[in-house]
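Please look through the following notes with the structure open beside you. They are written as numbered points, each on one topic.

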Amino acid sequence: MSGTRNFVSLGMFIIDEFAFLDAAGKPTGRTLPPQEQLPASEIGMIVDKGADFPREIDAALRTYGEDMWFFRNRPGADTTTRALNKYMGDYRNFQYLTPRVRITPHDLTGTPLFRPATLHFICSPTRAAVIMSQVAEVEGWSPLSIYEPIPVRCIPEELPALHDVLPLISVLSPNAEEALGLLSVPLPPTKSSVELACKTFLDFGVGPGGTGWVIIRSGSMGAYIASRSHPGSWIDAYWTTEERVVDVIGAGNSFLGGLAAGLTLTNGDVFEAAFHATVSASYTIEQLGLPRVSRASADVRNEEWNGDSPWTRLQELKARYIR
């Protein structure tokens with residue numbers, strides 16, 4: 001079977017719950033929201049559905065495009081993967097409420113998502129090596145790989161495993177805290193520490209023959225992008241003030257999904273694709289849960305997200321930066 005998707009993510013679909021606590025740890029409120037683009041037919045993700053999968057979430061997902069999702073009913077499973085996000089001021093704690101169902105390249109076999117051109121995964125460096133070994137088992141498949149290290153495994157003990165897998169990775173993209181955690185660099189991040197971390201990863205050798213890229217997502221500082229052949233550059237965050245920032249959960253995932261779309265739309269230009277990535281993340285942080293999408297026609301350029309045009313945001317962002 002030959003792949004037809006430009007982008008597939010191996011990320012788990014998780015139903016998030018939110019708990020907001022005051023300084024004494026008492027709840028202030030709790031909600032369960034339904035959790036520059038390519039056509040839905042060019043994007044893919046597996047969604048494992050337990051018996052409790054909410055109808056409203058199913059309906060919300062389908063508004064983004066029926067072709068995007070490959071739903072799997074889990075026989076005997078009572079629950080869909082769920083997690084709780086607890087906030088106390090600026091501190092956030094994340095914990096799974098149900099067992100995780102990990103997705104690997106083997107799960108794509110025999111589905112419409114098989115052999116995509118670009119593959120995204122978020123996991124530990126050790127598991128990233130397993131994923132890339134499964135990719136190598138598929139004859140003739142050499143996807144552009146976008147690796148997002150999982151936060152809890154961005155520790156110095158994982159650095160040897162990361163070093164080993166980096167030559168197989170096209171794009172490495174931790175956030176700033178994760179990058180510094182892997183390298184035992186003190187927090188908080190600064191632009192200089194982020195730039196040094198990026199250089200360190202590139203010196204390890206990212207991609208075949210060191211031809212890969214590193215993108216360190218750095219919150220309000222923006223994103224730092226570099227390869228051995230491209231000098232490091234900062235791209236601003238779209239929102240430069242906090243008034244539109246409601247919740248940053250999923251911003252990194254959204255950034256890298258936008259990056260994958262941008263790579264297709266810019267013929268593989270990683271630097272230009274990062275503008276698409278930044279715009280994508282800008283919509284995710286404006287609310288709890290997913291942004292609202294509306295369409296005036298089948299043309300994706302007529303889509304609006306949260307009542308605004310991604311293409312307009314893309315041009316506004318580019319106008320701030322003179323290459």
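1. In which loop is the place of Pro188? The model, which is a predicted one, puts Pro188 in the loop between α4 (176-182) and α5 (191-204). The peptide bond that joins Leu187 and Pro188 is cis, with an omega of about 5 degrees. For background, most peptide bonds are trans.

2. Two residues deserve a look for their backbone angles. Most residues other than glycine have a negative phi. Arg115 is not a glycine, yet its phi is positive, about 55 degrees. Arg115 sits in the loop between β7 (91-96) and β8 (118-123). Asn267 also has a positive phi, near 60 degrees, and belongs to the loop between α6 (251-265) and α7 (270-284).

3. Are these two residues buried or exposed? Arg115 has a relative accessible area of 24%, so it counts as partly exposed. Asn267 counts as exposed because its relative accessibility is 77%, and the cut-off for exposed is over 50%.

4. Arg74 is in the loop between β5 (69-73) and β6 (82-88). With 25% relative accessibility, Arg74 is partly exposed. Leaving out residues up to four places away in sequence, Arg74 touches Asp48, Lys49, Thr79, Thr80, Thr81 and Val101. Lys49 is 25 residues from Arg74 along the chain, but their C-alpha atoms are 6.0 Å apart.

5. The second largest pocket has a volume of about 210 Å³. It is lined by 16 residues, and those closest to its centre are Pro143, Leu168, Ile169, Ser170 and Pro208. Helix α2 (residues 125-136) gives the largest share of this lining, three residues. By type, the lining has eleven nonpolar residues, five polar and no charged.

Methods
Residues are numbered from 1 along each chain as its sequence is written. This is a predicted model: local features need pLDDT of at least 70, side-chain atom pairs count only at pLDDT 80 or more; totals for chains, interfaces and linings use all residues. Side-chain values use heavy atoms; hydrogens and water are left out. On a 1 Å grid over the protein atoms alone, a cavity is a set of points where a 1.4 Å probe fits but cannot get out, and a pocket is an open set with protein on both sides within 12 Å along at least five of seven lines; lining residues have an atom within 4 Å of a point. Grid points are joined across faces, edges and corners, and a volume is the space filled by probe spheres set on the points. Helices (H or I, at least four residues) and strands (E, at least two) are DSSP runs, numbered from the N terminus. Ala, Val, Leu, Ile, Met, Phe, Trp, Tyr, Cys and Pro count as nonpolar, Asp, Glu, Lys and Arg as charged, and the others, Gly among them, as polar. Buried means under 20% relative accessible area, exposed over 50%, partly exposed in between (1.4 Å probe, protein chains only). Contact means heavy atoms within 4.5 Å.
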